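I opened this notebook to keep track of what I looked up, one entry at a time. Come along and check each entry against the picture.

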Amino acid sequence: LRLSQAVIPMLNGSTSPNTVDLGTDTRQFKDLYLSGGVYLGGTGAANKLDDYEEGTFTPTALGASTAGTTTYAGQVGSYTKIGDTVNVDIYISWSAMTGTGNLQISGLPFTSSSASNYYATGTVVPLLGLTWPAGKTQLNPIIAASSTGMVIYGSATDSNSAAVQADSEIVALAISLTYKV
């Protein structure tokens, strides 16, 4: 039986949708190569997974007013992109920076969504020497629409956020961020 250009699930000589598995827990196929996507849990466009990627990138630190020069001790970035969602993990450290203004961490592997009022956030763990904005108790990386960089903001209960400033002292940061492209 040929229905278009497709492999059709059959059981006892009849088509049998949603009843036939491809492999078993002890008899798996080795690899699956697709030039398109795979539909998971339904047939709508929102169920189609057509992009998965893992890789590395080199994050950079600079000032927003004046980029300046940064002397790095470490720059490690890794990412996983699934569909339109990117998860990044960054370790970045420096021993000197001449930039001024808000601290920016740039070099993200994909440009963030261009949707209006788009912002994504994550977690910043200061491992060494970062100067926090006065009175702030939490640090958050914020990426705005159409960007490949983030600004780190300090926040506290019942107060406005304040951007971390470019920091000339020895600094080490671990950052995790999830954003849409």
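Before anything else, I noted the exposure terms: buried means under 20% relative accessible area, exposed means over 50%, and partly exposed lies in between, with a 1.4 Å probe and protein chains only. I am reading a predicted model, where local features need pLDDT of at least 70, side-chain atom pairs count only at pLDDT 80 or more, and totals for chains, interfaces and linings use all residues. Residues are numbered from 1 along each chain as its sequence is written, and side-chain values use heavy atoms, with hydrogens and water left out.

**Entry: salt bridges**

I looked for salt bridges (a side-chain nitrogen of Lys or Arg within 4 Å of a carboxyl oxygen of Asp or Glu), and the count came to 3. Lys30 pairs with Asp31, their closest N and O atoms being 2.6 Å apart. I found Lys30 exposed, as its relative accessible area is 75%, while Asp31 is partly exposed at 43%.

Next I checked Asp51 and Lys81, whose closest N and O atoms are 2.2 Å apart. Asp51 sits in the loop between strands S4 (48-49) and S5 (52-57) and Lys81 in strand S7, so this pair ties together parts 30 residues apart in sequence. Is Lys81 buried or exposed? Lys81 counts as buried, because its relative accessibility is 9%.

Asp84 and Lys180 form another salt bridge, at 3.3 Å from N to O. Asp84 is in the loop between S7 and S8 and Lys180 in strand S14, 96 residues apart.

**Entry: the core**

I then turned to the largest nonpolar core, which has 28 residues; Leu103, Ile105, Leu173 and Tyr179 have the most contacts inside it. Such a core is a set of buried Ala, Val, Leu, Ile, Met, Phe, Trp, Tyr and Cys residues joined through side-chain atoms within 4.5 Å. S8 gives the largest share, 6 residues.

I listed what Tyr179 touches (heavy atoms within 4.5 Å), leaving out residues up to four places away in sequence: among them are Asp84, Val86, Phe110 and Ile143.

**Entry: Leu130**

Where is Leu130 found? I found Leu130 in the loop between S10 and S11, and Leu130 is buried, with a relative accessible area of 10%. Beyond four places in sequence, its contacts include Leu103, Leu139 and Leu173. Val171 is 41 residues from Leu130 in sequence, yet their C-alpha atoms are 5.4 Å apart.

Terms used
Helix = DSSP H or I, 4+ residues; strand = E, 2+ residues; numbered from the N terminus.
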